[in-house]
Amino acid sequence: MEIGLALSGGAARGIAHIGVLKYLEERNVKPDIVSGTSAGSIIGGLFCAGFSPDDIEELAHNVSWRQIFRYSRIKFPRLGLIDIGFLDKVMGDYLKDKKFSDLKTPFIATAVDLENQCPLFIEEGDLMSAIRGSCAIPGIFSPVQRTGNTLVDGGVLHNIPTPPLQQKGTKMIIAVDVNAHRSPERSPRHIFEVISQSLYMINRYRENEDASLAAHLIVPDLQNIGMWDLNKTSELIDLGYKKAQEVLAEVDFSPPTPTPKRRWPWAKK
């Protein structure tokens with residue numbers, strides 16, 4: 001693989017990934033493989049299924065908390081507050097019945113297997129169940145059962161999903177970290193922020209380690225946008241685009257020129 005794109009988790013901040021895709025599209029750069037964690041798995045899955053950045057932006061503009069709660073089942077918190085099956089309703093028209101084998105670009109969704117206490121880099125079978133598992137933030141969303149595994153959010157172990165790209169031998173890894181900045185400094189306003197801010201503190205050291213695997217690291221300045229701000233789609237996309245432009249402007253994405261074979265003087269022409 002020549003170019004790999006690793007899209008981090010970050011809840012609503014993941015919308016900034018769309019801006020990065022828009023910049024890459026302008027540069028006529030198409031990743032050979034994409035990995036995604038949590039929100040990054042949603043954006044990455046849509047992109048690898050063939051949807052353009054503009055298509056994904058349209059979906060992002062149409063998602064609201066009112067819509068999410070309309071499709072969700074709020075329940076007694078035995079395993080999670082919300083059944084993450086609402087993603088099927090929100091994205092059903094886009095990825096319904098899709099399998100990894102149907103994708104136009106290879107894609108890896110990063111999740112964590114609770115029972116075996118290890119990361120899972122998913123690249124086969126049903127796509128939506130993998131994305132649901134990758135997005136199942138512990139305590140907020142119920143774990144996802146998939147092929148005998150109990151899955152929770154991949155950000156628990158690898159919020160910046162560079163390791164699966166490294167394992168594939170990807171020559172150039174571009175990573176996008178939309179969760180590098182803390183949410184605006186304030187006391188948590190609800191249980192979502194209590195859990196997400198706690199996970200942020202736990203995971204920062206490992207995220208730095210995973211970020212070091214990238215040749216180019218894009219970190220949009222999202223410190224003034226909370227992880228649950230779904231009403232800032234245009235601003236998030238713009239910030240993602242600008243940071244991608246800043247980081248990648250001088251990068252030469254043209255394929256290397258093949259080295260001509262040396263001809264010995266006595267070789268026949």
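Reply: A residue is called buried under 20% relative accessible area, exposed over 50%, and partly exposed in between, with a 1.4 Å probe and protein chains only. The model is predicted, so local features need pLDDT of at least 70, side-chain atom pairs count only at pLDDT 80 or more, and totals for chains, interfaces and linings use all residues. Residues are numbered from 1 along each chain as its sequence is written, and side-chain values use heavy atoms, with hydrogens and water left out.

Me: Which residues is S38 in contact with, leaving aside its neighbours within four places in sequence?

Reply: Contact means heavy atoms within 4.5 Å. With those neighbours left aside, S38 is in contact with G9, S134, C135 and D153.

Me: Is C135 buried or exposed?

Reply: C135 has 7% relative accessibility and therefore counts as buried. C48, at 0%, also counts as buried.

Me: How many disulfides are there?

Reply: A disulfide is a pair of cysteine sulfur atoms within 2.5 Å. By this rule the count is zero.

Me: Why is helix α1 described as enclosed?

Reply: Nine of the eleven residues of α1 are buried, so α1 is largely enclosed by the rest of the structure. The buried ones are A16, H17, I18, G19, V20, L21, K22, Y23 and L24. What covers them includes β1 (3-7), α2 (39-48), α3, β9 (172-176), β10 (216-218) and α10 (233-248).

Me: How do you know how α1 and α3 are oriented to each other?

Reply: Two packed helices are described by the angle between their axes and the distance between the axes. Axes are lines fitted to C-alpha atoms, for helices over the stretch in contact, and angles run from 0 to 180 degrees between N-to-C directions. The axes of α1 (residues 16-26) and α3 (residues 53-62) come within 9 Å and cross at roughly 160°. Angles under 35 degrees count as roughly parallel, over 145 as roughly antiparallel, 65 to 115 as roughly perpendicular and the rest as oblique. The two helices are therefore roughly antiparallel. I18, L21, K22 and E25 of α1 make the contact with P53, D54, I56, E57 and A60 of α3.

Me: What makes a crossing left-handed or right-handed, and which is the crossing of α1 and α3?

Reply: A crossing is left-handed if the near helix is turned anticlockwise from the far one by less than a right angle, and right-handed if clockwise. α1 passes α3 in a left-handed crossing.

Me: Which crossing does α1 make with α2, and at what angle do they pack?

Reply: α1 passes α2 in a right-handed crossing. The packing angle is about 35°, with the axes 9 Å apart. On the α1 side H17, I18 and L21 meet G40, I43 and F47 in α2.

Me: What is D54 called on the accessibility scale?

Reply: D54, found in helix α3, has 46% relative accessibility and therefore counts as partly exposed. D54 and L21 are 33 residues apart in sequence and 9.4 Å apart in space, C-alpha to C-alpha.

Me: How much of the protein chain is buried?

Reply: Buried residues make up 54% of the 269 residues.

Notes:
Helix = DSSP H or I, 4+ residues; strand = E, 2+ residues; numbered from the N terminus.
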